[in-house]
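Keep the viewer open as you read.

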Amino acid sequence: MLKFLIITLLKSLMGVVKVKSGSIAWDGKELVNLSPWSRVDNGFAYVPQGREIFPRLTVEENLLIGAAKFPSSKVIPSYIYELFPILSDMKARRGGDLSGGQQQQLAIGRALMSEPELIILDEPTEGIQPSIIQDIGKCLRKLVDDMGITVLLVEQYYDFAKELSDNYIVMRRGEVIAQG
């Protein structure tokens, strides 16, 4: 049940699920009635659980899809390949041929292509080997510290989330049981 609530929360933030009551505001602007693409225009990016990359498209094509909000074709910024060097090495490879960790890096890179102020990540460590988890953690810290991007992280791997977070909330069955 809790996972359903979290998924609903994240999809509500992105405008995929309609909010029945309450509000969502970002940077002083009410977002409840905005479409998902308008939320992207307002600086939101979402990396869903399971990554949802396009398996038949190349790494480069997957990244460029993340820049769809821009009116003209966009070049992939060098910082994406600096954050995730493997994507540069594999830019001609199909997304479906990548490992789970590489697909997660691709999904985060694709989200960054929209130049977000807020990136929402749902379970980014799910099914990923420990060395890649560490790489993703370093990347997320750079996004916050060096690029000023806010990261909203939903994660079951407590130590990973606590180590990265400036603020955290732990929930069990819909109730807050710890925070710091």
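A residue is called buried here when its relative accessible area is under 20%, exposed when it is over 50%, and partly exposed in between, using a 1.4 Å probe and protein chains only. The model is predicted, so local features need pLDDT of at least 70 and side-chain atom pairs count only at pLDDT 80 or more, while totals for chains, interfaces and linings use all residues. Residues are numbered from 1 along each chain as its sequence is written, and side-chain values use heavy atoms, with hydrogens and water left out. Helices (H or I, at least four residues) and strands (E, at least two) are DSSP runs, numbered from the N terminus.

Start with helix 6, residues 100–112. Its 13 residues reach 18 Å from the first C-alpha to the last, close to the 18 Å expected at 1.5 Å a residue; that expectation is 1.5 Å times one less than the number of residues. How many of its residues are buried? The count is 12 of 13, so to speak a mostly covered helix. Gly101, Gln105, Ile108, Arg110 and Leu112 are among them. What covers these buried residues includes strand 3 (44–47), helix 3 (59–65), helix 4 (78–83), helix 5 (85–89), strand 4 (118–122) and helix 7 (130–145).

Now zoom in on glutamine 105, which sits in helix 6. It counts as buried because its relative accessibility is 6%. Leaving aside neighbours within four places in sequence, glutamine 105 is in contact (heavy atoms within 4.5 Å) with Phe84, Ile86, Leu87, Ile132 and Ile136.

Two of those names lead on to helix 7, where Ile132 and Ile136 are buried along with Ile133, Gly137, Cys139, Leu140 and Leu143. On the buried side, the packing partners are helix 4, helix 6, strand 4, strand 5 (150–154) and helix 8 (158–164).

Next, the cores. A nonpolar core is a set of buried Ala, Val, Leu, Ile, Met, Phe, Trp, Tyr and Cys residues joined through side-chain atoms within 4.5 Å. The largest one has 32 residues, of which Leu63, Leu87, Ile108, Leu112 and Ile119 touch the most other members. Helix 7 supplies the largest share of this core, six residues. Not counting residues up to four places away in sequence, leucine 112 touches Tyr79, Ile80, Leu83, Phe84, Ile119, Leu143 and Ile149. A second, separate core has 10 residues, including Leu10, Leu13, Leu31 and Phe44.

On a 1 Å grid over the protein atoms alone, a cavity is a set of points where a 1.4 Å probe fits but cannot get out, and a pocket is an open set with protein on both sides within 12 Å along at least five of seven lines; lining residues have an atom within 4 Å of a point. Grid points are joined across faces, edges and corners, and a volume is the space filled by probe spheres set on the points. The second largest pocket has a volume of about 560 Å³. Of its 21 lining residues, Met14, Val40, Ala45, Tyr46 and Arg110 are the closest to its centre. The largest cavity has a volume of about 30 Å³, and Ser12, Gly15, Val17, Lys18, Val19, Val32, Leu34 and Arg39 line it.
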